[in-house]
Amino acid sequence: MNYDDVVNGRRSIRGFRPEPVPRSVIEEIIALASRAPSSMNTQPWHLHVLTGEPLDRIRADNTERNLAGVPPSRESRGTGQYEGDHRQRQIEIAVQLFQAMGIERHDQEKRQDWVLRGFRQFDAPVSIVVTYDRALADGDIAQFDCGALVNGLVNAAWSRGLGCVINSQGIMHSPVVRAHAGIPDDQVIMICVAMGYPDDRFPANAVVSKRRPVHEVARFVGFADTEAEALAPAVARS
Ligand SMILES: Cc1cc2nc3c(=O)[nH]c(=O)nc-3n(C[C@H](O)[C@H](O)[C@H](O)COP(=O)(O)O)c2cc1C
C-alpha cells in the first residue's frame, strides 16, 4: 500500500476478529508511529499496550460503572457538548453508524448496547493507552504531539492489515484504566486506541465518514490566483 492508499482507505474499525495480534507486529507499528514529529523532539508520549486479563478487567469495570451511572472521571479534558457545525458532524457520523448497524433512533436497548460496546472498546484484542508526562500538563503542546503519534499509529496499523478505533470511551473512567494498567502517577491518560484484525462482516466497519472539502478547510493567502480573486471586485468597479 502506498501512502495515499493507507490514508484514504483507513477508517475506524469497531468490530474485530478474536485472534490475538502478535507483539512483534505491534512493536513494528509503534516504531513507525514514533517517527511522528513532536515539539522540540520532546516525544512526551508513553504507550501502555494492553491485552488479555488486564484489558478484560478494564472492560468489566467500565461496564459496571457505566451501568451504575457513575459520572465519567476522564483525566484529559473533553469539550463538553458540541454545538453548531460540530454537533451536525457528530450527528452525521452517528446516523451513518446507526444505519449500518440497523439501530433505530428510538431503540433505547440497541443504543445502550452500542454505548456499552464502546466502553468495552468494541471487544478489541488490544488496547493501547496513550499517556504523556504530567510535567507538561499545563500546556497544550504535549496533547498535540500525542495526536500526531496516534495518527501515525492508526495508519501504520492499517498498512499492516490491522484496524483501530481511537476512543475516549475506553478512558472515560481513567482511574479504572490507571489501576488495572499500572500507569504511573507522573503520566496523564490522554486517549486509547483499540486495535485488532477487522471483522469484515461487522457492518459499521464499512462506514466511510465524510470530510469537509479543501476549499472549506483552508484559505490561501499570498498565492497568485488568490490575489487575482481579491482584485476581481476592484477591476469590476473600475
Ligand atoms: C480523540 C478521538 C476520540 C474518539 N472517541 C471515540 C469513541 O469514544 N468512540 C468511537 O466509537 N469512536 C471514537 N472516535 C473515532 C471517531 O468517531 C472517528 O475517527 C471519526 O468519526 C472519523 O471516522 P474515521 O476514523 O472512520 O475516519 C474518536 C476519535 C478521536 C480522534
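Helices (H or I, at least four residues) and strands (E, at least two) are DSSP runs, numbered from the N terminus. The model is a predicted one: local features need pLDDT of at least 70, side-chain atom pairs count only at pLDDT 80 or more, and totals for chains, interfaces and linings use all residues. Residue numbers start from 1 along each chain as its sequence is written.

**Exercise 1.** Count the helices and strands in the protein chain, then work out the strand order in the sheet.

Step 1: the tally is nine helices and four strands.
Step 2: the order in the open sheet is E1-E2-E4-E3, with antiparallel pairing (two strands pair if DSSP finds at least two bridges between them).
Step 3: strand E1 (45-50) and E3 sit at the edges, each pairing on one side only.
Step 4: from one strand to the next, the twist averages 25°.

**Exercise 2.** Find how E3 is joined to strand E4, and which helix lies across the strands.

Step 1: E3 and E4 (residues 187-196) run antiparallel and are joined by five bridges.
Step 2: take Ile166 as an example; its bridge partner in E4 is Val193.
Step 3: helix H6 (residues 141-159) lies across E1, strand E2 (126-133), E3 and E4, at about 10° to E4. For such angles, axes are lines fitted to C-alpha atoms, for helices over the stretch in contact (C-beta atoms, placed from the backbone, within 7 Å), and angles run from 0 to 180 degrees between N-to-C directions.

**Exercise 3.** Describe the shell around the ligand by class, and say which strand gives the most to it.

Step 1: list the residues around the ligand, including Arg11, Arg14, Ile93, Val165, Ile166, Asn167 and Ser209 (C-beta atom, placed from the backbone, within 6 Å).
Step 2: sort them into four nonpolar, six polar and two charged residues. Ala, Val, Leu, Ile, Met, Phe, Trp, Tyr, Cys and Pro count as nonpolar, Asp, Glu, Lys and Arg as charged, and the others, Gly among them, as polar.
Step 3: strand E3 (residues 163-167) gives the most, with three residues.

**Exercise 4.** Compare the reach of helix H4 with the expected span.

Step 1: H4 (residues 84-101) has 18 residues.
Step 2: the expected span is 1.5 Å times one less than the number of residues, here 26 Å.
Step 3: from first C-alpha to last, H4 reaches 26 Å, close to that expectation.
Step 4: just after H4, Gly102 takes a positive phi of about 70°.

Notes: Two residues are in contact if their C-beta atoms, placed from the backbone, lie within 7 Å.
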